[in-house]
Amino acid sequence: MERKILLKNVDVPGIRTFEVYRSTGGYDSVEKALKKMTPDEVVEEVKMSGLRGRGGAGFPAGMKWSFIDKKSGNPRYLICNADESEPGTFKDRYLMEKLPHLLIEGMICSCYALGANTGYIYVRGEYKYIIGILNQAILEAYEKGFLGKNILGTAFNLDIHVHSGAGAYICGEETAQIESLEGKRGNPRIKPPFPAVVGLYGCPTVVNNVETLANIGFIVNNGGGEYAKYGVGKSTGTKLISACGNINNPGVYEIELGLSVREFLYDPKYCGGVKNGKELKAVIAGGSSVPILPASLILKTAAGEERLMTYESLADGGFVSGTMLGSGGFIVYDEDACIVRNTWNLARFYHHESCGQCSPCREGTGWMESVLHRIENGHGRTKDIDLLVSIASKIEGNTICPLGDAAAWPIASAIRHFRHEFEEHVLHPEKCINSTIRQFDDVTIS
Amino acid sequence: MLDKKINHPLHAKTDIPVRFSEETLERVRKIIERYPAGKQKSALLPLLHMAQEEFLGYLSVDVMDYIASLLEIQPIEVYEVATFYSQYYLDPVGKNVIEICRTGPCAICGGEAIQSYLEQKLAIKTGETTPDGLFTLKAVECLGACGSAPVMQVNTEFYEFLTEEKIDHILDDLRRKSSEEKPEASKWKEKFF
Ligand SMILES: Cc1cc2nc3c(=O)[nH]c(=O)nc-3n(C[C@H](O)[C@H](O)[C@H](O)COP(=O)(O)O)c2cc1C
Ligand code: FES
């Protein structure tokens with residue numbers, strides 16, 4: 001039987017309203033945390049749960065919380081990262097649209113644990129209607145005494161505000177997000193110091209993903225130990241996977257970590273297999289930044305073991321034959337997909353989204369885009385393929401924030417696993433199935 | 001980095017009074033209150049969204065200067081932000097801004113063909129505005145709706161699982177709505193900010 005934590009009540013009519021949400025046990029965790037637990041006890045439960053950040057990096061949430069500087073005497077902040085701009089990822093949007101109170105409940109418990117009296121939800125500017133939904137839910141929470149001064153008659157005060165971004169992928173990176181929230185360009189900061197020490201307005205700050213925070217209510221209610229009974233090994237709990245591309249049932253699914261990739265891909269409960277009866281060609285398992293894997297390596301590891309939807313199993317084989325769970329953006333490519341065109345498309349994305357601070361990323365992403373554009377349009381040279389690998393390797397690890405890596409990995413992995421396709425494009429460009437689709441002479445439209 | 005250029009002084013002067021209504025100013029004060037005292041610059045992004053919607057549909061230099069004066073910051077602090085974020089337009093746009101997603105997941109689900117179809121139907125290239133000023137077509141990066149690819153956003157509305165027939169309907173609909181009055185601006189402000 002499939003077990004759910006986040007989306008258990010998603011189909012309850014009216015669950016978006018406070019009354020209905022509360023009647024399903026919503027906000028119980030706030031009562032429990034504020035009245036029966038100390039902040040440190042909440043942190044301990046989250047540590048015990050093994051919950052890992054759902055924004056992409058998978059850093060243990062409880063450990064991140066324990067780094068927050070409590071000695072400085074400065075106010076502390078929690079920022080909920082709802083920037084969600086990683087191509088292939090649309091789970092946070094779903095969660096906020098359907099269950100806004102689940103996020104707010106989690107944020108209240110989290111702020112209590114961190115000793116933060118202000119929380120911001122940084123929502124990408126394109127999700128305007130989500131901002132409306134969140135503002136409504138926040139208003140209800142204030143009215144019912146779950147936000148504001150002396151919450152539930154305790155000494156704890158908390159304000160939560162929604163803050164709108166304005167179209168910049170880089171603002172999903174936590175330090176860029178902080179800059180953006182301060183009203184500046186989204187240029188990432190050098191770490192250390194980490195936000196837990198010097199964050200928003202120079203104060204201790206924790207940035208967590210929407211889905212991470214939405215799990216906190218369950219952990220407070222049931223204990224970290226109970227949470228850890230979901231999933232396998234160090235991949236505890238459930239994960240929202242947003243599935244898209246050439247599949248029968250695109251959408252958002254809550255899976256228990258440990259489900260096999262094969263089942264997720266082919267079971268009618270989930271993706272329901274490749275669309276139009278086509279063959280599977282490749283999968284990007286965790287949002288566009290993680291390495292692409294060919295069909296043979298996504299279903300089984302190089303060692304021949306069944307590949308599972310866990311942090312560890314997807315990473316099995318390192319970058320030679322593995323990938324990452326990332327943000328849970330599961331993009332499926334069928335046999336007709338042109339890997340070269342897709343790689344060029346993603347290179348263009350990263351070029352467009354590079355903030356421009358670091359030369360390797362600013363220049364390198366542009367070079368990769370141009371070279372791939374050349375290959376895709378039939379003007380490639382054989383040495384271009386190694387040139388791409390070389391540029392990618394020079395960006396990786398040489399930038400302030402991981403956008404550089406995120407730009408390099410998709411290209412390096414596409415060439416690693418589909419080199420023949422790039423060679424074919426150089427030698428016989430006319431054979432490309434896409435040559436008839438659309439010639440983009442506009443290299444970039446900003 | 002693809003900083004947009006500010007067309008100064010071409011769009012510096014606008015023939016409308018650049019000043020929020022009292023009602024909007026009250027809203028502005030509430031937004032500024034969300035941030036600690038002295039950190040009013042944090043309100044810049046939301047305020048630019050409001051200004052773009054309220055005045056011209058794009059940010060002219062005098063609109064940006066007005067926002068700078070409201071927040072008591074230097075105009076350059078506004079320009080450098082306005083040029084960084086793709087949702088702020090620095091050139092005049094049509095009444096409806098159509099933003100078609102061009103990123104990978106949409107592209108493999110037929111997004112490119114939809115973009116071409118839009119260009120054909122509107123008889124403009126991506127980046128241009130129709131001569132009647134009704135539509136501007138832009139190509140944007142992933143809108144976070146890849147499960148319903150291909151996707152586009154018009155103004156604040158999402159349109160999903162696009163097909164050519166759907167595009168026909170949507171454009172007709174938008175044409176009809178545009179001939180009616182513009183919806184009361186304060187309504188969306190209540191909701192979104
Ligand atoms: C370029 C870039 C984009 C990112 N985008 C997002 C995002 O949209 N949402 C998100 O939660 N995390 C994003 N992250 C990760 C954040 O920096 C940060 O690790 C995360 O929000 C922490 O939350 P978590 O520990 O709960 O996952 C991004 C990172 C990078 C480098
Ligand atoms: S790729 Fe188009 S919405 Fe994500």
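A:Pro193 sits in the loop between α8 and β4 (205-209) of chain A. Helices here are DSSP runs of H or I with at least four residues, strands are runs of E with at least two, and both are numbered from the N terminus. Why start there? The peptide bond from A:Pro192 to A:Pro193 is cis, with omega near 0 degrees. In general, most peptide bonds are trans, and most residues other than glycine have a negative phi.

Ground rules next. This is a predicted model, in which local features need pLDDT of at least 70 and side-chain atom pairs count only at pLDDT 80 or more, while totals for chains, interfaces and linings use all residues. Residues are numbered from 1 along each chain as its sequence is written, chains are lettered from A and ligands numbered from 1 in the order in which they are written, and side-chain values use heavy atoms, with hydrogens and water left out.

The bond from B:Ala149 to B:Pro150 is cis, with omega near -10 degrees. B:Pro150 lies in the loop between β2 (135-140) and β3 (152-154) of chain B. A:Asn150, in the loop between α7 and β3 of chain A, has a positive phi, near 45 degrees.

Now the domains. Chain A splits into domain 1 (18-229), domain 2 (232-334) and domain 3 (339-444). The bounds come from an automatic or database domain assignment. In chain A, the C-alpha centres of domain 1 and domain 2 are 27 Å apart. Contact, meaning heavy atoms within 4.5 Å, links 22 residues of domain 1 of chain A to 25 residues of domain 2 of chain A. These two domains of chain A bury about 1,700 Å² between them, with 52% from carbon and sulfur atoms. Buried area is the accessible area (1.4 Å probe) that two parts lose on being put together, summed over both. On the domain 1 side, A:Arg52, A:Arg54 and A:Phe90 supply 30% of the area buried against domain 2 of chain A, more than any other three residues.

How many salt bridges are there between domain 1 and domain 2 of chain A? Two. The rule is a side-chain nitrogen of Lys or Arg within 4 Å of a carboxyl oxygen of Asp or Glu. A:Glu312 and A:Arg52 form a salt bridge at 2.9 Å, N to O.

On to ligand 1. It is surrounded by 18 residues, and the closest are A:Gly55, A:Asn81, A:Asn208, A:Asn209 and A:Thr212. The cut-off is a heavy atom within 4 Å. A polar side-chain atom of A:Asn209 is 2.7 Å from a ligand 1 oxygen. A backbone N or O atom of A:Glu174 is 3.0 Å from an oxygen of ligand 1. A polar backbone atom of A:Gly172 is 3.2 Å from a ligand 1 nitrogen.

Last, the chain interface. Chain A and chain B bury about 4,800 Å² between them, 56% of it on carbon and sulfur atoms. Contact takes 66 residues from chain A and 49 residues from chain B. Two salt bridges cross the interface of chain A and chain B. B:Glu160 and A:Arg93 form a salt bridge at 2.8 Å, N to O. Which element gives the largest share of the side of chain A that touches chain B? That is α16(A), with ten residues.

Definitions and conventions. Polar contact = N/O pair within 3.5 Å; in protein donor to acceptor, adjacent residues only side chain to side chain.
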